[in-house]
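Me: Here is a structure that is new to me. Please take my questions one at a time.

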Amino acid sequence: LFVLLTLAITVGYLAWTASETRLGGSWAVVGGAMLLLSSPLLATLALGQIYPLLALGLVAAWVADRRGRGGASGVALGLVVAVKPSLVPVLLWPVVRRRWGVLGAAVATGGGATLLAGVVVGPGATLDWARLLLDEPLSPYWDNASVPSAAARLFTPNEFAEPLAILPWTVPVAYVLGLLIVAFTAYRVRHGQEWGLWAMVAASLLASPVAWNNYLVLLGPGVLLLLARGRTAVGFLLLALQTIPPQWPLLWQGDGTVVASLALTLYLYSLLAHWLAFLTADAPPRGPHREG
């Protein structure tokens, strides 16, 4: 039941995005079908994860903002951040554009939802969650696409890949780099570009300690936006990256070579490609895919 509900939600927010961007019917079907068959979404459905619910909230916030409904946009954004706190950098999206109503609604909704959840499950669960974050070491697992995880995988001893060199100091440097990526992205989206929210989401994932490859589900609507604005080649490159099956690492695990270690970091390259695509989407050409 949860899989069917999740699939219906995914079809709904993809169709909503295509309608909002006036993406042509044939391109909407092709792009939507590729996202529905993408490796991140199929894995999400198999594991019963909530990423499509978060993507729905992001689309709702994005659409409401485009239509001048700041309160509704903030409420949707606040709920997303409350459910997935690693996305808190997306709150810079209204800050840099001085949309104080959106920010206020987001903070109030996110804080209220978090407080309500704390009351329902008790403060012990919140403390256990915080303790887990502090006590668990950074995961260098190949499916973790974040910048800090890549540093741990490539420059510290671990069971998943042969380090290129033993340089433990690169991990805190990677955290700083992640913060710089977030700050630079916020600076770039300050003029209210329509791709701004998706760039901020991608930057948040790069900077987070954990950003599983399945998190690319959150960026699917942004890919449809690229197609709608004539960025066909880039859009299909991202769709192709999302179709790479989870068996990819099995080709490289256990090789113990530099090439294998770099190959096992593929999902970081994929996430970086999404971020760069949104970040460089200024003045997109008007292709034949936009209607209306």
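Me: How many charged residues does the lining of the largest pocket have?
Reply: The model is predicted, so local features need pLDDT of at least 70 and side-chain atom pairs pLDDT 80 or more, while totals for chains, interfaces and linings use all residues. Residues are numbered from 1 along each chain as its sequence is written, and side-chain values use heavy atoms, without hydrogens and water. Ala, Val, Leu, Ile, Met, Phe, Trp, Tyr, Cys and Pro count as nonpolar, Asp, Glu, Lys and Arg as charged, and the others, Gly among them, as polar. The lining of the largest pocket has 18 nonpolar residues and five polar ones, and its charged residues number two.

Me: What volume does the largest pocket have?
Reply: On a 1 Å grid over the protein atoms alone, a pocket is an open set of points with protein on both sides within 12 Å along at least five of seven lines; a cavity is a set where a 1.4 Å probe fits but cannot get out; lining residues have an atom within 4 Å of a point. Grid points are joined across faces, edges and corners, and a volume is the space filled by probe spheres set on the points. For the largest pocket, that volume is about 680 Å³.

Me: Which helix gives the most to the lining of the largest pocket?
Reply: Helices are DSSP runs (H or I, at least four residues), numbered from the N terminus. α8, α10 and α11 each supply at least two lining residues. The most, four residues, come from α10.

Me: Which helix has the largest share of the lining of the second largest pocket?
Reply: This pocket holds about 430 Å³ of space. Its lining counts 18 residues, with A82, P85, T114, A117 and W129 nearest the centre. None is charged. The largest share, nine residues, comes from α7.

Me: Is α9 roughly parallel or roughly antiparallel to α10?
Reply: Axes are lines fitted to C-alpha atoms over the stretch in contact, and angles run from 0 to 180 degrees between N-to-C directions. α9 and α10 pack at about 155 degrees, with axes 8 Å apart. Angles under 35 degrees count as roughly parallel, over 145 as roughly antiparallel, 65 to 115 as roughly perpendicular and the rest as oblique. Therefore α9 is, relative to α10, roughly antiparallel.

Me: What volume does the largest cavity have?
Reply: The whole structure has two cavities of 30 Å³ or more. Residues including T10, Y13 and Q242 line the largest cavity. Its volume is about 60 Å³.
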